[in-house]
Amino acid sequence: METAKLIIRGKEYDLPIIVGTENETAIDIRKLRDTAGVITYDPGFANTGACRSAITYIDGDKGVLRYRGYPIEELAGKLRFSSAAYLMIYGRIPTEDEFLEWRKQLTLNSFVHASQVNFFDNFSALAHPMNILGSMVSSMSSFYPYDADDEDHINLNIQRLIGQVKTIAAFSYRKSVGLPYIYPRTDHSYAANFLRMMFATPAEEYVVPKMMENALDMLLILHMDHEQNCSTSTVRMVSSTMSNIYASVSAGINALWGRLHGGANEAVLDMLNQIAQDGANYMKYVEMAKKKDDPFKLMGFGHRVYRNFDPRAKILKTAVDDLLNEMGIHDPLLDVAKNLEEVALKDEFFIERKLYPNVDFYSGILYRALGIPTEMFTVLFAIGRMPGWIAHWMEMRDDPDLRIQRPRQIYVGKNLRHYEAED
Ligand code: SDX
């Protein structure tokens, strides 16, 4: 067995080396504290592997992203989202019969529980759709209790989660604009159902434009998983306590909401609008983003793992041009985004720190072209990410290394002192 040698205060320790299928190499420190009496320190876990996983592979230096071994470029725009979701969760692409049955079950199980629909009447009118989504998914555990050891129960609740996340999203939008709810149909794809539930009127037939259905399919697939990102790690953290799938995924939704994570797509649109209204003064904003004491960051730029182009951003940049041309739309914010990208990528600060556009930089322009309101962008991210969260929840259940996740710390507080009551 290959080992790493650690010398601490003159004493040597041999630590096993673990190598992954793509030759990713890790030092196994599971016995470090017991043998050497020390721990490692890695705030943000940038250098720490939390698990072994067979779901997604990323090579941040080469800009590679694969789901179950398939390059993202061979899936996005080629498969239906529900077919890719099946691959993500069950590890293989479904046969045509399996796909049709799976898609039908996703639709039949996508009706929000009749008692739960009333919840929409009681959220604050100011409630952010991510707040509604997280609350509704968490409360699903009270409507659908299940036996965690029963595979049929697990698969039924997986279908409910993937099916109902889009219904909850669409209903929260319809409620916010005072429109009646539209219900899904088994003769529509997942993406077509969502767009119909968002924009149809009960007064007449609504035909979902194929180019919009295809664009949304591709968008959802691009967001489906990203190995141990913050929200997925949150799902794993909560799942490690044996909490139910709804509570675990709801925690992931709340982690995704943050503007440094999934909330960035909404923040990118706000930033592009701010720059557009400020005379498109790109250099001013690039300079602001470089200042340590200025909280402004170029939203949609930078990534913990990618030190090259985010492959999703490359696909999205092309898809935005194609869809807007096909729809005959000219979105001035796309020009702002492209010019900002060009200026930033020539700037030494961004070059030195290997800061490139990430998945959130162009996705908002596409959502806008589909008619999705800005405050729903992160909800769309959550809809796409749902199969990934579920796949990680499933993988954890069978992980022989599974332990409750409980990091250690370096204490820097007061030394022992005693309380002396005043006379
Ligand atoms: C997602 O992890 C995933 O996989 C996430 C995700 C997924 O699919 O799940 O890919 C989705 O969350 C994409 C990221 C969306 N967030 C944003 O676009 C927000 C803007 N980006 C930054 O906040 C930042 O780049 C992060 C949060 C994405 C990454 O943060 P890191 O890895 O902790 O990097 P860092 O903050 O330590 O930055 C390193 C340096 C710093 O400068 P110095 O201290 O070296 O001088 O780069 C600078 C940072 O100030 N920097 C930026 C910047 N991002 C990093 N400076 C200006 N603008 C930025 N966007």
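Cover here rests on contact, which means heavy atoms within 4.5 Å. Helices are DSSP runs of H or I with at least four residues, strands are runs of E with at least two, and both are numbered from the N terminus. This is a predicted model, in which local features need pLDDT of at least 70 and side-chain atom pairs count only at pLDDT 80 or more, while totals for chains, interfaces and linings use all residues. Residues are numbered from 1 along each chain as its sequence is written, and side-chain values use heavy atoms, with hydrogens and water left out.

How many of the twelve residues of α11 are buried? Nine of them are, and the helix is mostly covered. Among these buried residues are Ile-245, Tyr-246, Val-249, Gly-252 and Leu-256. At the start of α11, a side-chain oxygen of Asn-244 comes within 2.9 Å of the backbone nitrogen of Tyr-246. Such a polar contact is a pair of N or O atoms within 3.5 Å; within protein, one must be able to donate a hydrogen and the other to accept it, and residues adjacent in sequence count only if both atoms are side-chain atoms.

The length of α11 (residues 245–256) can be checked too: at 1.5 Å a residue its twelve residues should span 16 Å, and its end C-alpha atoms are 16 Å apart, which agrees. The expected span is 1.5 Å times one less than the number of residues.

## Around the ligand

In the side chain of His-226, an N or O atom is 2.6 Å from an oxygen atom of the ligand. A polar backbone atom of Leu-260 lies 2.8 Å from a ligand nitrogen, and a polar side-chain atom of Arg-353 is 3.2 Å from a ligand oxygen. Taken alone, the ligand exposes 1,100 Å², and the protein buries 77% of that. Accessible areas come from the Shrake-Rupley method with a 1.4 Å probe; for residues, only the protein chains shown count as cover.

## Two buried residues

Ile-132 is found in helix α6 and is buried, at 9% relative accessibility. Leaving aside neighbours within four places in sequence, Ile-132 is in contact with Phe-120, Phe-123, Ala-127 and Ser-172.

Ser-82 lies in helix α3 (residues 81–90). Its relative accessible area is 2%, so Ser-82 is buried. Not counting residues up to four places away in sequence, Ser-82 touches Phe-99, Trp-102, Arg-103 and Leu-106.

## Loops with positive phi

Most residues other than glycine have a negative phi. Phe-45, in the loop between α1 and β4 (56–59), has a positive phi of about 55 degrees. Phe-45 counts as exposed (over 50%), at 53% relative accessibility.

Arg-68 has a positive phi as well, near 50 degrees. Arg-68 sits in the loop between β5 (64–67) and β6 (70–71) and, at 23% relative accessibility, counts as partly exposed, the class in between buried and exposed.

How values were computed
Buried < 20%, exposed > 50% of the residue type's maximum accessible area, 1.4 Å probe, protein only.
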